[in-house]
Amino acid sequence: MRDDDVAPNELRGPALHDPESRHAALLDQLPGPTPVRLIDREGEAVEHDGFALPDADTLRDAYRRMVIARRWEAQVTALTRQGRLATYPSAYGQEAGEVGSVLALEPEDWMFPSYRDSSALLTRGVPPRLLLSFFRGDWHNAYDPYERRIAPQSTPLATQALHAVGFAHAERLRGRGTVALAYLGDGGASEGDAHEAMNFAAVWQAPAIFFVQNNQYAISTPLQEQTRSRSIADRAAGLGMRGVWVDGNDVAAVIAVLRDAARRARAGEGPTLVEARTYRLESHTNSDDPTRYREAEEAAAWEDYCPIARLAAHLRARGELDDAFDARVAEEAEANAAATREAMNEQPEIDPLELFEHVYSTPRRALQEQRAMFAEELAAAENPAENPAENPAGDPAETGAAERGAPHAAEGARR
Ligand SMILES: Cc1ncc(C[n+]2csc(CCOP(=O)(O)OP(=O)(O)O)c2C)c(N)n1
Ligand SMILES: [Mg+2]
C-alpha cells in the first residue's frame, strides 16, 4: 500500500506513515509463541532466542535472596496469624519475580511497588521493622523512599503505574538515565490507570517497565474472567511498545528479560510491558479463604514449579552450589526471620493525631475541626471519669447526650 492510496485525513496518525515497516515493528513488539524460559523445571538450561543466562554469581545471589525472601514470607504470615500485623499479602512462591526484578535494576533506578511486593523491598535492603510498619496500620510510609529509591507500596490498584510513568518521563527530561519499574498484578493490569499509564509511556517513550506478575488471581477472580487475550503482554503492541512474557518462576529468565527492558529504556528505546507467569500459592491476604474459589490440587500442582528448587537443581548440577553454601544461606534466612520477629514483638508507638499531619501544606478549617474533635475523644478515652457522658451519675438531658445519640467520646472510650 502506498501513502497516496490512503485518504488524506487517514494519514495523520504516525502508524500510517510507512505502514509496511510499522506492521513489521508491530509483529516485533508481540511476545513470542512461548514465555521466555532459560532454566526448565528440572534445572536444565534451555535456549531462548535473544536472552542469555545470567552469570553464576548473579544466579547464586538470586538463590540466596530467594531463600531469604521465602523464609521471610512464611515468618510474616505467621506473625499476622498471631495478631502482630493487621494484614499481609504474601508473595510466597513468587520469589523469582520479587528477587529477579530487583537484581535486574541498577541502584539509581526506581521501584514503584504494590502491596504484594514486600519481598522486593526486603531484597533492596529496606529493614523489616520499617517495611512492616505499613501492615501494622501506620498510615505513613515508614521507610524513606529516596534512600533506596522505592516509592511507597501502593494499595489502590495500578496507581503506582501512573506515578512510575510520570517519574520516568521527568527523569528523562532532566537528562538522567533512570529507569522506573512499576509492579502490577494481573488484576491491576485491568485497571484504567494501567492502560493510561502504558499508553502515555509509549507516546512519550518513557524509560518505564511494567512488570505484571500474573499470579492467576485477583483475589477470587481467576485470569480467564479478566481477559480473553493469550497474554497480558500482547496488549503492548496495540499501544506501540514491546511486550514480553516470561516464565515468572524462572529467576534467570526474569533477570534476563528485565535487564534487556532496562537497557532499552535507558537507551531511549521506550517502555516494555513484561508479563511474568506465576501463581499465588497462599491466600490473597489473611482475611481471604481460597478454598471457596479454587481447588487445593491446583495450588499443589504449582508447587512443582518452585523457583527455588529449580535454581538449586541447576546450580548444584553446575557445581555452583554445595551444602556449605546452602547452610550459610539458611542461617542468614533464619537470622532475618528472627530479626523480623523481634521487631514485631516491640509495641509500636503511634500518636493517633499524626493522622492529620502531612495532609495539606496549609491548614484547612474542616480538618482542623476534625482534629480538635478527635483530640477531645482521645482525651475523654484516657480520662473516662471526667467525661459526663460516661458518668452514670450525670443527667443525660443536661449533658445533651440524649439528643446526640451515641456520643463520640463515649464510643471512643469503649474501643
Ligand atoms: C482501585 C482498587 N480497586 C479495588 C481494590 C481492591 N483490591 C485489592 S487487591 C485486589 C486484587 C488485585 O489482584 P492483582 O492485581 O492480580 O494482584 P495480586 O493481589 O494477585 O498480587 C483488589 C480488587 C483496590 N485495592 N484498588
Ligand atoms: Mg493477581
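Predicted model: local features only at pLDDT ≥ 70, side-chain atom pairs only at ≥ 80, totals over all residues.
Residues are numbered from 1 along each chain as its sequence is written, with chains lettered from A and ligands numbered from 1 in the order in which they are written. Local features need pLDDT of at least 70 and side-chain atom pairs count only at pLDDT 80 or more, while totals for chains, interfaces and linings use all residues.

**Exercise 1. Find how many residues surround ligand 1, and sort them by class.**

Step 1: Take a residue as near if its C-beta atom, placed from the backbone, lies within 6 Å of the molecule. 15 residues surround ligand 1, and the closest are L157, G185, G187, G188 and A218.

Step 2: Count Ala, Val, Leu, Ile, Met, Phe, Trp, Tyr, Cys and Pro as nonpolar, Asp, Glu, Lys and Arg as charged, and the others, Gly among them, as polar. The shell then holds six nonpolar, six polar and three charged residues.

**Exercise 2. Describe how α2 crosses α3.**

Step 1: Helices are DSSP runs of H or I with at least four residues, strands are runs of E with at least two, and both are numbered from the N terminus. Here α2 spans residues 56–81 and α3 residues 95–104.

Step 2: For the contact, require C-beta atoms, placed from the backbone, within 7 Å. From α2 come T58, D61, A62, R65, M66, A69 and R70, meeting E95, A96, E98, V99, G100 and L103 of α3. By class, this contact has six nonpolar, two polar and five charged residues.

**Exercise 3. Work out which residues join α2 to α10.**

Step 1: The axis of α10 (residues 251–266) comes within 10 Å of that of α2, crossing at roughly 115 degrees.

Step 2: T58, L59, A62 and M66 of α2 meet V251, A252 and I255 of α10. Six of these residues are nonpolar, one is polar and none is charged.

**Exercise 4. Give the strand order of the sheet and identify its edges.**

Step 1: Strands pair if DSSP finds at least two bridges between them. The five strands run β1-β2-β3-β7-β6 in an open, parallel sheet.

Step 2: β1 (110–112) and β6 (242–247) each have a single partner strand, so one side of each lacks a neighbour in the sheet.

Step 3: Three bridges join β1 to β2 (residues 180–185), and F112 has A182 as its bridge partner in β2.

Terms used
Axes fitted to C-alpha atoms, helices over the stretch in contact; angles between N-to-C directions. Contact = placed C-beta atoms within 7 Å.
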